[in-house]
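Open the structure in your viewer and keep the selection tool at hand. Each stop below gives something to select and then says what is there.

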Amino acid sequence: MSDPAASRTGPGRGRATDRSGPGRRAAVIALARAVCVAVGIVAAFYLLPLDGRRTAATWALLACGLLAVVVVLVWEARAIVRSPFPRLKAVEAFAATLVLYLVLFASAYHLMESSSPGTFSEPLTRTDALYFALTTFSTVGFGDITARSQTARVVTMLQMLGGLLLVGVAARILAGAVQAGLRRQGRASPPE
């Protein structure tokens, strides 16, 4: 007698090899949506007027932006639980949250430099600010752009700390949401 589950798995893999159908389509849609959200957030960064001269506005942007990152993360976690493809939705959610986080700090750096020239070792265009935010997040820190003022250093340290939290805590929240979504569907994740 043949086992129906065995016919769906490859030899020695223990996993389904049929990658066509709704799963493949959902993966393509999730990837396209993640790319569109990332492009939209970065486009907004380049198109919105960020030439304010007030430091209070920079702090307000940073505080509201960090709150927005938390709200997006919680909203996405709830969407993951309800999604028919929770793993794909988690990847999409993490991409959106990460891009929003990086653009938020790039905006703050750009506003800081435009309101107080000399805050960084060189004038920051939007691209330079995004570059600095990304190198800080990735802990590469090439050293070609550095924070000179105490305020810029504090914001950079906040980004570093927030980046660690984003990778650790946010990833844990999203992984928990994936597990809840799989349990909701009656599927358990395979042991790793």
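**Stop 1: leucine 98.** Select leucine 98, which lies in helix α4. The model is a predicted one.

**Stop 2: threonine 97.** Step to threonine 97, also placed in helix α4. Is threonine 97 buried or exposed? Its relative accessibility is 2%, so threonine 97 counts as buried; the cut-off for buried is under 20%. Display Val69, Val72, Leu73 and Leu166. Threonine 97 is in contact with these residues, leaving aside neighbours within four places in sequence.

**Stop 3: tyrosine 101.** Select tyrosine 101 and show its contacts. Setting aside residues up to four places away in sequence, tyrosine 101 touches Leu66, Val69, Phe137, Leu158, Gln159, Gly162, Gly163 and Leu166.

**Stop 4: the largest nonpolar core.** Widen the view. The largest nonpolar core has 37 residues. Tyr101 is among the members that touch the most others, along with Ile80, Phe105, Tyr109 and Phe120. Colour the helices next. Those giving two or more residues to this core are α2 (22-47), α3 (55-82), α4 (86-115), α5 (126-137) and α6 (150-184). Which element gives the most? That is α4, with 13 residues.

**Stop 5: helix α2.** Now pick out Ala26, Ala30, Ala34, Ile41 and Phe45, which are buried in α2. Bring back α4 and α5: both are among what covers the buried residues of α2.

**Stop 6: the second largest pocket.** Rolling a probe the size of a water molecule over the atoms shows where empty space is left. At least two lining residues come from each of α3, α4 and α6. The largest share, eight residues, is from α6. Colour the lining by class to finish: 13 residues are nonpolar, one is polar and none is charged.

Definitions and conventions:
Residues are numbered from 1 along each chain as its sequence is written. This is a predicted model: local features need pLDDT of at least 70, side-chain atom pairs count only at pLDDT 80 or more; totals for chains, interfaces and linings use all residues. Side-chain values use heavy atoms; hydrogens and water are left out. A nonpolar core is a set of buried Ala, Val, Leu, Ile, Met, Phe, Trp, Tyr and Cys residues joined through side-chain atoms within 4.5 Å. Buried means under 20% relative accessible area, exposed over 50%, partly exposed in between (1.4 Å probe, protein chains only). Helices (H or I, at least four residues) and strands (E, at least two) are DSSP runs, numbered from the N terminus. Contact means heavy atoms within 4.5 Å. Ala, Val, Leu, Ile, Met, Phe, Trp, Tyr, Cys and Pro count as nonpolar, Asp, Glu, Lys and Arg as charged, and the others, Gly among them, as polar.
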